[in-house]
Amino acid sequence: MEAIPYLAAGAAVAGLVLAVYFFNDVKKAPPGDENMVRIMGEIQKGARAFLKQEYTWVAAFAVILAILIAVFVAPLGAVTYAMGAIFSGAAGYAGMTVATMANARTTEAAKEGPAKALPLAFRGGAVMGFSVAALSLLGVSLVYIIFILWLQVDDAFEILTAFGLGASTIALFSRVGGGIYTKAADVGADLVGKVEAGIPEDDPRNPATIADNVGDNVGDVAGMGADLFESYAGSIIAPIALTAFAFALVADDVTASFNISLLMFPMAVAFAGMIASIIGSFFVKAGTSIDAKALSNALHRGTNVAMAITVVATVGIAYWMFSGDEFDQPWGLAVSVIGGLAVGYGIGKVAEFWTSDHYSPVKKLAGQAVTGPATTILGGVSLGMVSVAASVGLVVAGIGLAYWGGQMAFTGEMEAFGGIYGIAVAAIGMLATLGVVVSVDAYGPIADNAGGIAEMAELDPSVREVTDSLDSLGNTTAAIAKGFAIGSAALTALALFKTFEFAIAREDVVLNLNIGQVEVFIGLFLGAMLPFLFASLTIDAVGRAAQQMIEEVRRQFREIPGLREGEPGVLPDSATCVAISTKASLREMIIPGSLAVVVPLVIGFINVDALGGFLAGALVTGFALAIFMANAGGAWDNAKKYIEAGNYGGKGSEAHHAAVVGDTVGDPFKDTSGPAMNILLKVMTIVSLVFASAFV
């Protein structure tokens with residue numbers, strides 16, 4: 001059993017080897033003609049410039065936080081914090097690099113049909129997927145091996161938790177900064193291009209088009225990758241830290257074998273999930289049809305295979321690790337993990353139902369666009385709100401099942417702890433197949449960019465038809481991945497919250513969560529407020545940046561002779577639009593990103609009971625708000641695409657103009673504020689856990 005961290009590290013290395021293999025496979029594909037290569041180069045240049053500046057800005061913030069960790073927690077905690085940040089940044093940069101290389105190659109492959117284009121886009125996404133999953137698992141494994149097994153340092157598990165905080169820091173700023181960038185460009189391109197100028201999406205005349213395509217990569221690839229890197233690391237760390245802090249209080253009452261089983265189980269599940277993801281990735285193959293269902297089946301085949309292998313492996317691991325006298329029913333924890341996997345998949349399917357144009361809610365929303373923007377907005381808000389009920393129902397059921405499974409595995413007085421531990425490992429169940437899940441998600445921005453390049457390079461409409469079918473599927477895959485991320489955030493934050501309670505108790509302080517206490521009640525209200533403040537700041541940031549973009553696009557249409565008319569040789573000034581998005585997003589990400597760290601620290605140093613109430617309030621409202629915004633935004637986007645496919649008057653109709661307005665409102669919902677919300681919850685909880693000893 002002691003070999004499990006080494007096996008996990010070995011599986012992570014295998015994942016990185018696969019990422020390198022897929023990178024070389026994509027690189028060998030032809031990138032198209034000279035014009036396509038030029039457009040690809042512009043997108044690459046903009047994405048690299050943004051990430052370089054973003055990481056520079058975030059590094060300054062990270063240095064300050066590392067110093068605080070070294071002073072208030074443990075000097076080695078600053079080292080693992082830096083490791084988490086560096087590994088996360090490296091995964092995002094690797095994914096962005098291959099995504100900006102795979103876009104033109106996917107466009108070129110689309111000339112021969114989806115059978116060639118879909119696997120190529122998937123393999124481009126797989127570089128991101130396996131870089132994220134492998135570097136995350138490798139980082140956690142190395143920290144465990146070096147600091148806990150080899151050096152056996154004091155405060156070892158605080159040091160392990162600091163790795164998760166480093167990953168969370170990069171994730172938060174990457175999601176917020178990348179989200180502001182991509183949506184500022186997208187809103188500017190859509191409102192001036194589609195609505196005012198009446199030109200198609202991704203038209204080469206539109207100065208904001210390149211910035212929009214850059215945004216797909218820095219927001220939906222690098223930002224999303226950092227998000228799920230942090231989610232995966234957190235889901236492994238949470239049950240390990242929970243065990244360590246809980247049994248530090250009762251160390252004399254538990255055996256070494258009992259403790260080691262609980263510490264090793266999350267890594268064993270992650271090991272199985274990594275191997276399953278590697279196997280599943282080779283099952284993604286498409287036929288010649290551009291039918292959405294056929295493409296969806298081809299793309300999700302890899303995920304389904306990986307999930308099936310993980311389920312079987314988890315049952316075997318549970319019986320192997322929990323068959324001693326200290327445990328009652330070994331299958332209980334297998335139920336917790338598999339339940340988490342099922343709930344993550346279920347939340348994704350709920351998101352698909354409420355956001356895909358193949359189902360009635362989005363078709364109904366498209367019909368509401370006929371009567372104008374107001375009814376479109378109302379319909380999307382209502383749709384997003386009702387989707388929260390289904391998602392919350394699934395999470396509550398998953399929490400109940402995981403708690404029951406954990407209780408079944410333990411005997412006697414340990415049943416209560418077993419239930420909480422079951423909830424913690426349910427989160428790793430949700431994300432066990434992360435390698436292939438992120439591969440499918442990162443496929444989406446690559447397909448989107450491929451369509452943009454097809455339009456800008458003025459290729460045959462048949463190419464755009466193939467890329468549009470791939471892009472439409474990409475919107476659904478993104479919704480499913482967000483479901484996994486948001487669902488795991490709820491479970492991981494709950495486990496970290498309980499770990500925070502144990503960490504406080506270790507310092508001989510009992511956390512009081514009685515809402516009749518005025519400190520707890522104040523904290524509860526502050527926590528309920530913060531997700532709304534965070535959402536407001538990020539949406540407002542998109543609005544301000546988009547205003548600058550709109551004015552610049554209008555100026556160029558007005559002042560560059562022949563640009564709007566599409567005269568030969570007249571090109572827009574795309575570099576200025578890229579610079580606007582870059583500067584605005586970097587400036588605007590600082591305040592909302594800092595809130596997640598500063599507010600819990602301030603409250604924690606004042607009163608830990610208020611901090612407990614604060615974390616509880618933020619978890620509940622933040623989860624609901626994240627689901628609402630992600631699904632409402634996705635529905636508006638696909639309602640627009642449903643009309644563009646020829647329904648309710650098609651492109652250029654009044655219904656289309658109304659749907660574009662709805663999509664514009666939904667852009668920061670689904671790609672900025674909503675996705676960043678789950679990171680906000682985990683950052684606040686993990687900051688509180690890392691600094692728990694300093695608070696008391």
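Modeller: In this predicted model, angles between helix axes run from 0 to 180 degrees and are taken between N-to-C directions.

Biologist: Are α10 and α11 roughly parallel or roughly antiparallel to each other?

Modeller: The axes of helix α10, which covers residues 360–368, and helix α11, which covers residues 373–409, come within 8 Å and cross at roughly 160°. Angles over 145 degrees count as roughly antiparallel, and therefore the relation of α10 to α11 is roughly antiparallel.

Biologist: How many nonpolar, polar and charged residues does the contact of α10 with α11 have?

Modeller: On the α10 side the contact involves P361, V362, L365 and Q368, and these meet T375, T376, G379, G380 and L383 of α11. Gly counts as polar in this grouping, and the contact of α10 with α11 then has, by class, 4 nonpolar, 5 polar and no charged residues.

Biologist: Is the crossing of α15 and α17 left-handed or right-handed?

Modeller: Helix α15 spans residues 518–559 and helix α17 spans residues 590–606, and their axes come within 10 Å while crossing at roughly 160°. The two helices are therefore roughly antiparallel to each other, and the crossing in which α15 passes α17 is right-handed.

Biologist: Which residues of α17 make the contact with α15, and what classes does that contact have?

Modeller: From α15 the contact draws on L526, L530, L533, F534, L537 and T538, while by class the whole contact of α15 with α17 has 10 nonpolar, 1 polar and no charged residues. On the α17 side, the residues that make this contact are I591, P592, L595, V599 and I603.

Note on methods:
Residues numbered from 1 in each chain as written. Predicted model: local features only at pLDDT ≥ 70, side-chain atom pairs only at ≥ 80, totals over all residues. Heavy atoms only, no water. Helix = DSSP H or I, 4+ residues; strand = E, 2+ residues; numbered from the N terminus. Parallel < 35°, antiparallel > 145°, perpendicular 65-115°, else oblique. Left-handed = near helix turned anticlockwise from the far one by under 90°. Contact = heavy atoms within 4.5 Å.
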